Amino acid sequence: MSGDGAQGDPGEVGSGVAGVADVSRLERRYRSLLRVLPRWYRVEREEEMVGIFLADRGDGLDQEYGWPGWGEAAATAGLAVRVRLGAGRAAGSVVRLLGLAGLLGQLVLAAQSWSAAVWSGALGSGAAGVGGVPPWAWWADVVVLVAFACLVAGRRAAGRVVAGVAAVLASSPVLVEWVRAPSAVSWWPLVFAGPAWVAGAAVVAGFHAEAPPVSRRWWVAGAAGVLSGAVSGLLVPLSPVSVLAAWVVTAGAVVAARPWAGVGGAVPGR
């Protein structure tokens, strides 16, 4: 391809640039990288950011053939996530609600399983859980509890790490089945792993340093959900129906506690 800076694509040139002929390929590549950021953010910060990126890259060959570094690309992608899911952003509020509700739903499921196991005496007998989930996998519930508590208590960094660990642990039953019978993996472990993956991803993406504080009402929602799950585990045999009921209980606990009302701007209008 013989195109050069003099034939640059006007669509890749940011606002405020002196002229297309003055724009190097490296600058155009930086401006393309910055497109992961919202338009309103680029209007305010693009020129400043491009200037910083190019400050130490004045070599002619670098200007023609250079590319943004991996570290710069990763930092820009992280900034894009924080800006798009920041305080006062509707998308961020939805993602954080999804993450916390996902963890709460897993706690309700855990309360069902543990209360049923204690009541029946299965705990400690080596019996598998509902759907053949191995007993050792039950202890992953403690990790979910720690993740939920960390986030509500304001320890976001720890909460993100532990939620990620919980999502990985939730993958274990799926991997075990896949190793045992790769051609006949059942859907049942995915019922537990799927929400854990979604919740883990939402927590990691949504609870960054600039995210608003978590409403203390989540403690109420958590207590109500776990108590309801424990009671339902005693009354209803563990089954696909009880799993569905756990998520209904979770939705009811969240709606009743209205945790988004406890923090100003936690769920903005836009």
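Colleague: Which residues of α7 are buried?
Modeller: This is a predicted model, where local features need pLDDT of at least 70, side-chain atom pairs count only at pLDDT 80 or more, and totals for chains, interfaces and linings use all residues. Residues are numbered from 1 along each chain as its sequence is written, and side-chain values use heavy atoms, with hydrogens and water left out. Buried means under 20% relative accessible area (exposed is over 50%, partly exposed in between; 1.4 Å probe, protein chains only). In α7 that gives Ala140, Asp141, Val143, Val144, Ala147, Phe148, Cys150, Leu151 and Val152.

Colleague: What does α7 span from its first C-alpha to its last?
Modeller: Helix α7 covers residues 140–152, 13 residues. The expected span is 1.5 Å times one less than the number of residues.

Colleague: Which glycine follows α7?
Modeller: Its phi is positive, near 95°. The residue is glycine 154.

Colleague: How many helices does the protein chain have?
Modeller: Helices (H or I, at least four residues) and strands (E, at least two) are DSSP runs, numbered from the N terminus. The protein chain has zero strands. The helix count is 12.

Colleague: At what angle do α5 and α11 pack?
Modeller: Axes are lines fitted to C-alpha atoms, for helices over the stretch in contact; angles run from 0 to 180 degrees between N-to-C directions. Helix α5 is residues 90–120 and helix α11 is residues 217–235. Their axes lie 7 Å apart, and the angle is about 30°.

Colleague: How many nonpolar residues are in the contact of α5 with α11?
Modeller: Contact means heavy atoms within 4.5 Å. Among the residues that meet are Leu104 and Trp119 in α5, and Trp218 and Val226 in α11. Ala, Val, Leu, Ile, Met, Phe, Trp, Tyr, Cys and Pro count as nonpolar, Asp, Glu, Lys and Arg as charged, and the others, Gly among them, as polar. The contact has seven polar residues, no charged ones, and a nonpolar count of 14.

Colleague: Why is α5 oblique to α12?
Modeller: Angles under 35 degrees count as roughly parallel, over 145 as roughly antiparallel, 65 to 115 as roughly perpendicular and the rest as oblique. The α5 and α12 axes come within 9 Å and cross at roughly 130°. That angle makes the pair oblique.
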